[in-house]
Amino acid sequence: MDFFFYPSRVAVFGSFKEGAIAYEILRNIVEGGFEGEIIPVNPKGGTVEVAGRTLQIHERLDEPVDSAIIAIPAKFVPSLIDEIGPLIRGAVVISAGFSEVGNEELEHELVEKARKHGVRVIGPNCAGIFGVHGKFFGSFEVRVKPGGLALISQSGAFGGAALAMGNDEGIGFSAFVSYGNASDLNESDFLEYFADDENTKVIALYIEGVKDGRRFLKALRYAAGRKPVIILKAGKSASGAKAAASHTGSLAGSYEIYRAAFRQAGAIEVEEMEELFDAAKAFEMYAKAGKRVAVITNSGGPGVLATDKLERLGLEIAKLSEETVNELRSFLPPQCSTRNPIDLIADADYERYRKTIEVVCRDENVDSLLVICVPPIFLPSEEIARAVIEADCDKPVIVNFMAGELVSEGVKLLEMHGIKNFSTPERAARALHWLSLR
């Protein structure tokens with residue numbers, strides 16, 4: 001499916017009046033820096049001004065392209081696919097008005113025409129796709145920065161909100177696909193594809209339901225055996241399942257069956273959007289982590305909250321060796337607690353944090369570290385961020401800098417060095433929990 005996510009030539013079909021969906025997709029492709037050829041197509045022809053460029057609108061497609069993005073009225077889509085089928089390898093059908101509104105016949109015709117020409121279809125009723133490392137933003141959703149997360153979403157609106165949230169959370173994406181009605185390609189195809197995509201480190205999947213459970217389980221096993229797969233399943237309650245079925249025409253099915261399948265395949269299920277991003281952030285940094293955690297903090301309260309959450313999640317508060325405790329005592333002020341959690345007290349500076357991280361990291365009883373910083377107003381958070389960045393430690397370090405403006409510069413510095421911040425002790429603890437499941 002590289003022709004979708006790493007295309008060299010694309011065509012966009014629809015209206016190119018400002019504000020129209022095809023225009024917005026075209027603008028996203030141009031502004032996103034796509035280096036291949038872009039062919040806007042509309043029978044009226046003319047030109048379109050977009051992002052400082054003037055593009056010629058073709059009246060019809062008369063040369064081969066990798067994929068076509070189609071945003072025209074639903075009733076015209078099958079005949080368009082039949083017309084351009086010999087010139088395209090894939091079609092992303094944004095148009096709505098198919099099985100999701102009971103028009104199964106039109107959707108069946110669309111698939112029939114595509115199969116006749118060997119064309120693969122994403123959609124219909126979808127929000128499009130991103131191939132971020134190919135600088136291809138074939139959707140009207142907000143653009144994202146490159147990274148390791150591939151987001152597969154049955155719902156276009158959820159996908160759009162997730163991309164925007166991901167930007168806020170400092171997450172980098174390898175790809176995004178909203179697959180809508182899954183008339184041809186579905187979640188199983190994308191799981192298998194991203195499992196083998198070298199730019200993807202972790203896969204996140206939002207699903208409401210699947211049509212072929214056996215195929216899904218096989219694909220999920222394949223993907224989860226190669227990289228972390230995080231799943232957010234909607235439609236768990238009876239009412240939610242009913243709503244899901246009417247949303248995309250999928251079979252929602254019993255949640256218990258889904259949950260068992262996720263566990264069997266080795267996927268990680270999360271309960272809400274916030275958790276999906278926290279898990280994605282953790283796996284962007286580390287492949288896995290052990291269960292024995294050392295907590296380093298400059299504030300007792302957050303350290304206790306982290307400890308409580310870690311234990312509730314089944315992780316262990318590591319028992320530090322006497323050698324480690326004695327070494328910590330040799331340079332820490334006497335008011336500091338040298339037992340786990342290690343409390344460096346409020347005035348902890350660069351040196352105190354860096355040395356503590358390095359000493360604790362060398363302890364064989366410690367698998368991972370959770371470092372908390374609530375900086376007093378006289379200590380810039382960047383100083384503590386530098387200590388985390390420069391500490392010599394080869395074990396997973398999860399960071400909780402809190403709160404808000406007080407730590408914004410420190411968080412920025414951490415992110416520049418690939419270290420993600422978790423904004424509460426509990427979220428940081430959950431990140432370590434997910435890493436321990438791999």
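Two strands count as paired here if DSSP finds at least two bridges between them.

Valine 48 sits opposite leucine 55 in E4. The two strands make a hairpin with two residues between them, and alanine 51 in the turn has a positive phi of about 50°.

A word on what you're looking at: this is a predicted model, where local features need pLDDT of at least 70 and side-chain atom pairs count only at pLDDT 80 or more, while totals for chains, interfaces and linings use all residues. Residues are numbered from 1 along each chain as its sequence is written, and side-chain values use heavy atoms, with hydrogens and water left out.

Strands in a sheet pair through backbone hydrogen bonds, either parallel or antiparallel.

Zooming in, strand E1 (residues 9–14) runs parallel to E2 and is joined to it by five bridges. Phenylalanine 13 has valine 41 as its bridge partner in E2.

## The seven-stranded sheet

There is also an open sheet of seven strands, ordered E9-E8-E11-E10-E12-E13-E14, and its pairing is mixed. Strand E9 (136–139) and strand E14 (268–270) are the edge strands, pairing on one side only. Neighbouring strands in this sheet are turned by 20° against each other on average, direction ignored.

Strand E8 (residues 128–131) and strand E11 (residues 173–178) run antiparallel and share four bridges. Glycine 128 is bridged to serine 178 in E11. Helix H7 (residues 213–224) lies across strand E12 (202–207) and strand E13 (229–233), at about 140° to E13.

## Aromatic pairs

The whole structure holds 13 aromatic pairs. Rings of Phe, Tyr and Trp (its six-membered ring) pair if their centres lie within 6.5 Å; planes under 30 degrees apart are stacked, over 60 edge-to-face, and the rest tilted. Phenylalanine 5 and phenylalanine 194 are edge-to-face because their planes stand at 65°, with ring centres 5.2 Å apart. This pair links distant parts of the chain, 189 residues apart: phenylalanine 5 is in helix H1 (residues 2–5) and phenylalanine 194 in helix H6 (residues 187–195). Both belong to one aromatic cluster, made up of Phe3, Phe4, Phe5, Tyr179, Phe190, Tyr193 and Phe194. Phenylalanine 5 is buried at 1% relative accessibility, and phenylalanine 194 is buried at 0%. (Buried means under 20% relative accessible area, exposed over 50%, partly exposed in between, with a 1.4 Å probe and protein chains only.)

Phenylalanine 216 and phenylalanine 262 form another edge-to-face pair, 6.4 Å centre to centre with 80° between the planes. Phenylalanine 216 is in H7 and phenylalanine 262 in helix H9 (residues 255–265), so the pair ties together parts 46 residues apart in sequence. Phenylalanine 216 is buried at 2%, as is phenylalanine 262 at 1%.

## Helices side by side

Two packed helices are described by the angle between their axes and the distance between the axes. Helix H11 (residues 300–312) and helix H16 (residues 425–436) pack at about 35°, axes 8 Å apart. On the H11 side, Pro302, Leu305, Ala306, Lys309 and Leu310 meet Pro425, Glu426, Ala429, Arg430 and Leu432 in H16. That contact has seven nonpolar, no polar and three charged residues, where Ala, Val, Leu, Ile, Met, Phe, Trp, Tyr, Cys and Pro count as nonpolar, Asp, Glu, Lys and Arg as charged, and the others, Gly among them, as polar.

## Glutamate 390

Glutamate 390 lies in helix H14 (residues 381–390) and is partly exposed at 42% relative accessibility. Leaving aside neighbours within four places in sequence, glutamate 390 contacts Tyr350, Arg354 and Glu358. Glutamate 390 and arginine 354 are 36 residues apart in sequence, with their C-alpha atoms 7.3 Å apart.

Notes. Axes fitted to C-alpha atoms, helices over the stretch in contact; angles between N-to-C directions. Contact = heavy atoms within 4.5 Å.
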